[in-house]
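I opened this notebook to keep a record of what I looked up, entry by entry. The sequence and the structure come first, and my notes follow.

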Amino acid sequence: PSQEERVKPLLFALIPCALVGCAPSRPMRSFPEIDRLVERETAPDPEIAALVAQESLTEQGFLRLVELNSPALRALPRDIEAAAARELQAGLLPNPTLFTGLEEAPASRPGDGQWTVGIRFPLVVSGRIGAAAGAAERERRMIEFLIEARRRELLRDARRDLYDYLFLRE
């Protein structure tokens, strides 16, 4: 059979999969690192448990509990990590790329053409890497500033709510 005849059944099998997706024929592989991360993120925080177990809670304890229990604040360190990773990447040379191509392929026998294979190394000039690293560092510092502003805003609102509660309770 010709190459075209061998490829047609494969194409007819792959087109529906590409259009609607395929279910894996075997169970998905387990990723221990992800499993450990999920366990760590969903495990109860010992500091929260200690604060909740106290018979009476001080204002500082209440504010710490709000800070530890806030989903918005818990997610913010990941924003800093992502910005730090972008800062690191901005200071590095771009990754090389592999390319292939087919040139001068006759219509009657496409496999007989001239194949080209190579690796491209982008050449970065005129201080672009330093400028990109500087911009990424400023972005990271801005994110840290915004995170601190968000933390203070949350604690301000929690303090106000606590005082309202104490006032109404009397």
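What percentage of the 170 residues of the protein chain count as buried? I looked this up before anything else, keeping in mind that the model is a predicted one, and I found that 15% of the 170 residues count as buried.

**Entry: the overall order of elements**

I went through the protein chain and noted 6 helices and 2 strands, which follow one another along the sequence in the pattern α-α-α-α-α-β-β-α.

**Entry: the nonpolar core**

Which residues make up the largest nonpolar core? I listed 10 residues in all, namely L63, V66, L73, L76, A83, I143, I147, L154, L155 and A158. The elements that give two or more residues to this core are α4, α5 (71-90) and α6 (128-169), and I noted that α6 supplies the largest share, with 5 residues. I then picked out L155, one of the core residues, and found that, once neighbours within four places in sequence are left aside, L155 is in contact with L63 and E67.

**Entry: helix α4 and what covers it**

**Entry: α3 against α4**

Helix α3 (residues 46-53) packs with helix α4 (residues 59-69) at an angle of about 145°, the axes being 10 Å apart, and α3 passes α4 in a left-handed crossing. On the α3 side I noted E47, I48, L51 and V52, while on the α4 side the contact is made by G61, R64, L65, L68 and N69. When I sorted the residues of this contact by class, they divided into 5 nonpolar, 2 polar and 2 charged.

**Entry: α4 against α6**

How do α4 and α6 cross, and within what distance do their axes come? I found that the axes come within 10 Å and cross at roughly 130°, and this angle makes α4 oblique to α6. The crossing of α4 past α6 is right-handed. From α4 the contact takes E59, F62, L63, V66 and E67, and from α6 it takes R151, L154, L155, A158, R159, L162 and Y163. By class I recorded 8 nonpolar, no polar and 4 charged residues in the contact of α4 with α6.

**Entry: α5 against α6**

I looked up this pair as well, and the axes of α5 and α6 come within 8 Å and cross at roughly 170°. Angles over 145 degrees count as roughly antiparallel, so α5 and α6 are roughly antiparallel to each other. Their contact has 14 nonpolar, no polar and 9 charged residues.

**Entry: G91**

Is G91 buried, exposed or partly exposed? I first located G91 in the loop between α5 and β1 (97-103), and then noted that its relative accessible area is 38%. Because buried means under 20% and exposed means over 50%, G91 counts as partly exposed. Although G91 and R128 are 37 residues apart in sequence, they are 9.2 Å apart in space, C-alpha to C-alpha. Not counting residues up to four places away in sequence, G91 touches I129 and A133.

Key
Residues numbered from 1 in each chain as written. Predicted model: local features only at pLDDT ≥ 70, side-chain atom pairs only at ≥ 80, totals over all residues. Heavy atoms only, no water. Axes fitted to C-alpha atoms, helices over the stretch in contact; angles between N-to-C directions. Helix = DSSP H or I, 4+ residues; strand = E, 2+ residues; numbered from the N terminus. Left-handed = near helix turned anticlockwise from the far one by under 90°. Contact = heavy atoms within 4.5 Å. Nonpolar A, V, L, I, M, F, W, Y, C, P; charged D, E, K, R; others polar. Core = buried A, V, L, I, M, F, W, Y, C linked by side-chain atoms within 4.5 Å. Buried < 20%, exposed > 50% of the residue type's maximum accessible area, 1.4 Å probe, protein only. Parallel < 35°, antiparallel > 145°, perpendicular 65-115°, else oblique.
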